[in-house]
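This briefing concerns the structure displayed below. Please have the sequence and the three-dimensional view at hand while reading.

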Amino acid sequence: MASAAADYSDEPLTPAGRLFVQPQMNQIIHCAVGFKNPINIDSIKSHLKSSLLLSHPRFSSLMVRDSQGLEHWRKIPHLDLDRHVIVVPNPITTGSHFDHDTAVNDYLADLSTSSGLSAEKPMWEVHLLMGHNCAIFRIHHALGDGVSLMSLFLASCRGAEDEEKMPTLASGKRNRVNGKKGWWALLIGFVGMLWFSLIFVVEFVLRCLWVCDRKTEISGGDGVELWPRKLATARFRVQDMKLVKKSVPNATINDVLFGVISSGLSRYLDHRTTNALPEGLQITGIAMVNLREQPGLQEISDLMKSNSGSSWGNKFGMLLLPIYYHKISGTDRLAYLKIAKVMIDRKKRSLEAHFSYKLGYFVMTYLGAKVAAWLNYRIVCNTSFTISNILGPQEEIIFGGNPITYLRVNSSSLPHALTMHMISYAERADMQILVAKDIIPDPAFLAKCFEEALLDMKEAAAAINRT
């Protein structure tokens, strides 16, 4: 990172942005965009130049340090697009058989442990894999979180059916209870919020310090972020998830996803573990939660307003989400969903996500970047996996006149041996499963465990609907 005296126009990084440039937590977001037609390099460059993506100042700013070591954004007068668009002309070899998805995933896996992005230019790149009709947007996490970046990317796209129309931004819905509540119900709700907040906040602090999961076949740890990676894709139909959701009152897609993760990991551990695991063994994950006033994707005009509740940047909290190992045989196929819903509902009633965000802000501001990075690193080492879910566009879209066939997201490696990132796109949902291959050598089998878990839940849900 370049060092320079602070200019009057320099803008300091937010505390969350500073976290992601620390060596221990250096994070880059990778978004793979599949195209229907062969990529036209000149068309991609032309579209990027005129897109809202590059109109945002973060994409034409260098990251510099002042004399006190604090990071700032410094706007540059001219952006050399050729330094950011990297063309890979030849197909990527994947072994004995040729498979586009495997080739792209292998390329992404290599990027996840690479040296990172140069600070001598704005911290983003687009890799064009010409042999696979795929573009990989590589963007440093300090520029923004997944919701910010995906909202900005979609604002640069158009609908496949109507090229004059911007994509429909599917926004999540916060559950609201209709009607007026009596004072007793409000009191009970307030006491519940305080109780669950106290429990989960204490647990969060203990996880930052020393409490950790028992070691299993999917456990990572200190230094694992440097280990070689493999990447596989689990494919779901959003319609299947909606059908399963209807089988449990007031369930959400996130409840279904976490039920699938719980069931799939139990299946995988049954296959991998030689010595039987204790029934009900807790395996703890970390989930990122959007803290903006409007859930889901954001209107780009709101993101550009610094004083809005949907402002640009990294505005997310962290939740600890435990799953519990159970042997699959004889288990109610919807039991994982029911357990996940109860747990997530309790998390929603608490202030854990807001506490984690405020705690990070406080530590970064008053104790410094090194302490904040150490605490975040510790909580990752003391848990077993990362999970995130981004709501994508509801209809098919085009970028630069080329129809998009898939959207997939993952990030650079963490001390976790298992990280999962799901994004929905036009009634499909792809989950990227990034693993440390010396710990989890068969991510494709793990992806199959997740896919089968959803299909089993769908079958059980369909049986309920028939009765």
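Predicted model: local features only at pLDDT ≥ 70, side-chain atom pairs only at ≥ 80, totals over all residues.

The protein chain has an average pLDDT of 87, and 90% of the residues score at least 70. Over residues 306-310, however, the pLDDT is below 50, and beyond near neighbours in sequence this stretch has 10 contacts in the model.

**Annotated span**
- An unreviewed UniProt entry annotates residues 183-206 as "transmembrane region".
- In the model, residues 183-206 are 100% helix and 0% strand, and the end C-alpha atoms of the span lie 35 Å apart.

**Helix 7 and helix 13**
- Helix 7 (residues 238-246) and helix 13 (residues 443-466) have axes that come within 8 Å and cross at roughly 50 degrees.
- Helix 7 is therefore oblique to helix 13.
- The two helices, helix 7 and helix 13, form a left-handed crossing.
- From helix 7, D240, M241, L243 and V244 meet residues of helix 13, including L454, L455, M457 and K458.
- This contact of helix 7 with helix 13 comprises 8 nonpolar, 1 polar and 2 charged residues.

**Helix 8 and helix 13**
- Helix 8 (residues 253-272) packs with helix 13 at an angle of about 125 degrees, and their axes are 8 Å apart.
- Helix 8 and helix 13 are therefore oblique to each other.
- The crossing of helix 8 and helix 13 is right-handed.
- Among the residues making the contact are G259, G264, R267 and H271 of helix 8, together with F445, C449, E452 and D456 of helix 13.
- By class, the contact of helix 8 with helix 13 has 12 nonpolar, 4 polar and 3 charged residues.

Technical notes. Residues numbered from 1 in each chain as written. Heavy atoms only, no water. Axes fitted to C-alpha atoms, helices over the stretch in contact; angles between N-to-C directions. Helix = DSSP H or I, 4+ residues; strand = E, 2+ residues; numbered from the N terminus. Parallel < 35°, antiparallel > 145°, perpendicular 65-115°, else oblique. Left-handed = near helix turned anticlockwise from the far one by under 90°. Contact = heavy atoms within 4.5 Å. Nonpolar A, V, L, I, M, F, W, Y, C, P; charged D, E, K, R; others polar. UniProt positions renumbered as here; feature names shortened; annotations may be inferred. pLDDT = per-residue confidence, 0-100.
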